[in-house]
Amino acid sequence: MSEIIKTEAVVLSKMNYGDTSLIVSLFTKELGKISAIVKGGRNPKSKIALKVDPLNLLEVVFYNKLNRDLQIVSSADIISHYPAIKSELEKLKYGQSVLEIVKYLTVEHEQNLRLFNGIVRIFSLLEESKGGQNLVFARFFLFFITELGYQIQFQKCVSCGTGGFGGKSIFYNFDQGMLCNNCSKNFIESFEIYPELLDCLIGLRTNKILDNVSKKTVDNAIAFMEKFLKYHISDFKGIKSLQLL
Ligand SMILES: [Zn+2]
């Protein structure tokens, strides 16, 4: 038995399949991530071909069969195609990074409405943005890590319990957690979190305006989160789109 599903979906990736078809990865509102085939999708006359492109937000109809790896897309309509993200390199870099982490770090057939809405929201923020794209991405990245089930704590030293770091650098050991300056000396490798970076990481969780935080610190916040995920997910090698573009 297969059922017909009509849902909004973000196109995460597409690749050619055989001489005529496309295989796509979609993050759908109803079913989370799915893989699907667009039969005849490589034919330039195909009504679906041009619509099914990475980043696009679509309304798709497909036949869903649970015990099948590839669902079959029967129609697609564009809701948004984000022309500014596709034409400006800095926006594209972060847009692609969103697609990449959602594609590689989420599991199939697991609905997550918050994540779906988060992706649509970051795309519209990137589309409209006039600078500060790394900050838009950094907020999404921390939200995404939380959706994966990780909590990063910055309140107190996990070794001695000290809180309130008095404007001094603290250190994050990916095995232990947060360490104060003193205790960090007992551990070989830890990531230095200087005061502005700590304010930035804490601020990313809230809607606090972070306009005063330097671009470099926001980049360091992204690098910290990337390292955090690499440590916890052994086959995650970092976000390629951040390096390529
Ligand atoms: Zn300590």
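In which sense do strand 4 and strand 5 pair, and over how many bridges? In this predicted model, strand 4 (residues 57-64) and strand 5 (residues 71-80) pair in the antiparallel sense, over seven bridges. Glu-59 stands opposite Asp-77 in strand 5.

## The barrel

Strands of a sheet pair through backbone hydrogen bonds, either parallel or antiparallel. Here, five strands form a closed barrel in the order 1-2-3-5-4, with mixed pairing. Neighbouring strands of this sheet are turned by 45 degrees against each other on average, direction ignored.

Helix 2 (residues 89-105) packs on the sheet. Helix 2 touches strand 1 and strand 2 (21-28). The direction of helix 2 makes about 105 degrees with that of strand 1.

## Ser-13

Ser-13 lies in strand 1 (residues 3-17). There are 17 other C-beta atoms within 10 Å, so Ser-13 is partly exposed.

Leaving aside neighbours within four places in sequence, Ser-13 is in contact with Val-24, Ser-25, Pro-54, Leu-99 and Lys-103. Take Pro-54: Ser-13 and Pro-54 are 41 residues apart in sequence, yet 5.1 Å apart in space, C-alpha to C-alpha.

## Helix 4 and helix 7

The axes of helix 4 (residues 133-147) and helix 7 (residues 215-232) come within 10 Å and cross at roughly 25 degrees. Helix 4 and helix 7 are therefore roughly parallel to each other. Their crossing is left-handed.

Helix 4 brings residues including Phe-137, Phe-141 and Ile-145 to the contact. Helix 7 meets them with residues including Val-218, Ile-222 and Phe-228. By class, the contact has 12 nonpolar, one polar and two charged residues.

Methods. Residues numbered from 1 in each chain as written. Predicted model: local features only at pLDDT ≥ 70, side-chain atom pairs only at ≥ 80, totals over all residues. Axes fitted to C-alpha atoms, helices over the stretch in contact; angles between N-to-C directions. Helix = DSSP H or I, 4+ residues; strand = E, 2+ residues; numbered from the N terminus. Parallel < 35°, antiparallel > 145°, perpendicular 65-115°, else oblique. Left-handed = near helix turned anticlockwise from the far one by under 90°. Contact = placed C-beta atoms within 7 Å. Nonpolar A, V, L, I, M, F, W, Y, C, P; charged D, E, K, R; others polar. Buried ≥ 20, exposed ≤ 12 C-beta atoms within 10 Å, placed from the backbone. Pairing = 2+ DSSP bridges.
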